[in-house]
Amino acid sequence: MDDCIFCKIIDGIIPSKKAYEDDQLLAFHDIAAQAPVHVLIIPKKHMESVLELSPEDDALLGHMFRVAQQLAQELNIKDDGFRLVFNTGNDGGQTVMHLHMHLMGGRAMGWPPG
Ligand code: AMP
């Protein structure tokens, strides 16, 4: 999608610090990290949010979680724990309208989130 910042990252128009890539997904370090480890895992197919997921995307979603698992191991946050977040819509705090999973770790997280 032309005006989507994450589509531009996928296309290499905007640079990113990649953590993982395959034909379906890209993962890169958040530019404004809120934790020592803060990676965004995104589908290469543009969709705005979890609200656009259909049964056809079940395997893709499962794959996103498996990549999160792999990255948690590689980035050494698996044992201490981490948080996976999909901010959705205004009240959810979503600022980029391209589906993304936040993988955050390396410090203890508070609850409830702000
Ligand atoms: P959200 O607020 O859930 O929509 O998350 C969007 C995330 O994208 C925020 O944590 C931003 O810091 C991050 N972000 C925005 N632009 C970039 C960029 N060019 N490279 C890496 N992360 C970005």
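A polar contact, as used in these legends, is a pair of N or O atoms within 3.5 Å; within protein, one must be able to donate a hydrogen and the other to accept it, and residues adjacent in sequence count only if both atoms are side-chain atoms. The structure is a predicted model, in which local features need pLDDT of at least 70 and side-chain atom pairs count only at pLDDT 80 or more, while totals for chains, interfaces and linings use all residues. Residues are numbered from 1 along each chain as its sequence is written, and side-chain values use heavy atoms, with hydrogens and water left out.

View 1. A polar backbone atom of Thr95 is 2.7 Å from an oxygen atom of the ligand. For a polar backbone atom of Val96, the distance to an oxygen atom of the ligand is 3.0 Å. His102 places a polar side-chain atom 2.8 Å from an oxygen atom of the ligand. On its own the ligand has 500 Å² of accessible area (Shrake-Rupley method, 1.4 Å probe), and the protein covers 85% of this area.

**View 2. The shell around the ligand.** Of the 16 residues around the ligand (a heavy atom within 4 Å of it), Asp30, Asn87, Thr95, His100 and His102 come nearest. The shell divides into 8 nonpolar, 7 polar and 1 charged; Ala, Val, Leu, Ile, Met, Phe, Trp, Tyr, Cys and Pro count as nonpolar, Asp, Glu, Lys and Arg as charged, and the others, Gly among them, as polar. Helix H1 gives the most to this shell, with 3 residues. Helices (H or I, at least four residues) and strands (E, at least two) are DSSP runs, numbered from the N terminus.

**View 3. The largest pocket.** A pocket is an open set of points on a 1 Å grid over the protein atoms alone, where a 1.4 Å probe fits, with protein on both sides within 12 Å along at least five of seven lines; lining residues have an atom within 4 Å of a point. The largest pocket has a volume of about 680 Å³, volume being the space filled by probe spheres set on the points, which are joined across faces, edges and corners. Of its 31 lining residues, Asp30, Ala32, His38, Leu40 and His102 are the closest to the centre. The lining comprises 15 nonpolar, 12 polar and 4 charged residues. The ligand sits in this pocket (more than half of its atoms lie within 2 Å of the grid points).

**View 4. Backbone at Pro112.** The peptide bond from Trp111 to Pro112 is cis, with omega near 5 degrees. Pro112 is found in the segment after E5.
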